[in-house]
Amino acid sequence: MRKIVLIILLSIFVVLSDCSVQAMNGRHDGRSPYGDYSPGPREGGYGARKEVRTADEARRILQKYFSSRSVRLGRMREKERFFEAEIRDRNNALIDVVIIDKRTGRIRSIY
């Protein structure tokens, strides 16, 4: 009986370990900002690292972030604590929805 319980516990551990490794690796398909942080004095891979006050400022930051990818910004909406923007491909298909935090300039995928 102890052997069976031990085998079950080890199996659960292996499965959970594999899931956490996959989560840490993130997506690298160009659709989301995860996995490409690059520290810098004022800007990094995740956004402006400064307060974002207007929708135009948020749009400029997002355009700069996505400039190396073949995507375009779609509709933007202002919420209380962030701006929400659609990311679309060349065929106008929605491929991601991102937010940019008003206090920090941090860009995150919410799609």
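**Side-chain contacts in the predicted model**

Arg77 is partly exposed, with a relative accessible area of 24% (buried means under 20%, exposed over 50%, partly exposed in between; 1.4 Å probe, protein chains only). The model is predicted, so local features need pLDDT of at least 70 and side-chain atom pairs count only at pLDDT 80 or more, while totals for chains, interfaces and linings use all residues. Residues are numbered from 1 along each chain as its sequence is written, and side-chain values use heavy atoms, with hydrogens and water left out.

The whole structure contains 7 salt bridges (a side-chain nitrogen of Lys or Arg within 4 Å of a carboxyl oxygen of Asp or Glu). Arg77 forms one of them with Glu86 at 3.9 Å, N to O. Glu86 is buried, at 10% relative accessible area. A salt bridge of 3.8 Å, N to O, joins Glu86 to Arg75. Arg75 is exposed, at 53% relative accessibility.

Glu78 and Lys102 are in a salt bridge of 2.8 Å, N to O. Glu78 is exposed, with a relative accessible area of 52%, whereas Lys102 is buried at 17%. Salt bridges with shared partners join Arg75, Arg77, Glu84, Glu86 and Arg88 into one network.

The charged end of Lys102 also sits over the ring of Phe83, 5.0 Å from its centre (NZ of Lys or CZ of Arg within 6 Å of the ring centre and within 35 degrees of the ring normal).
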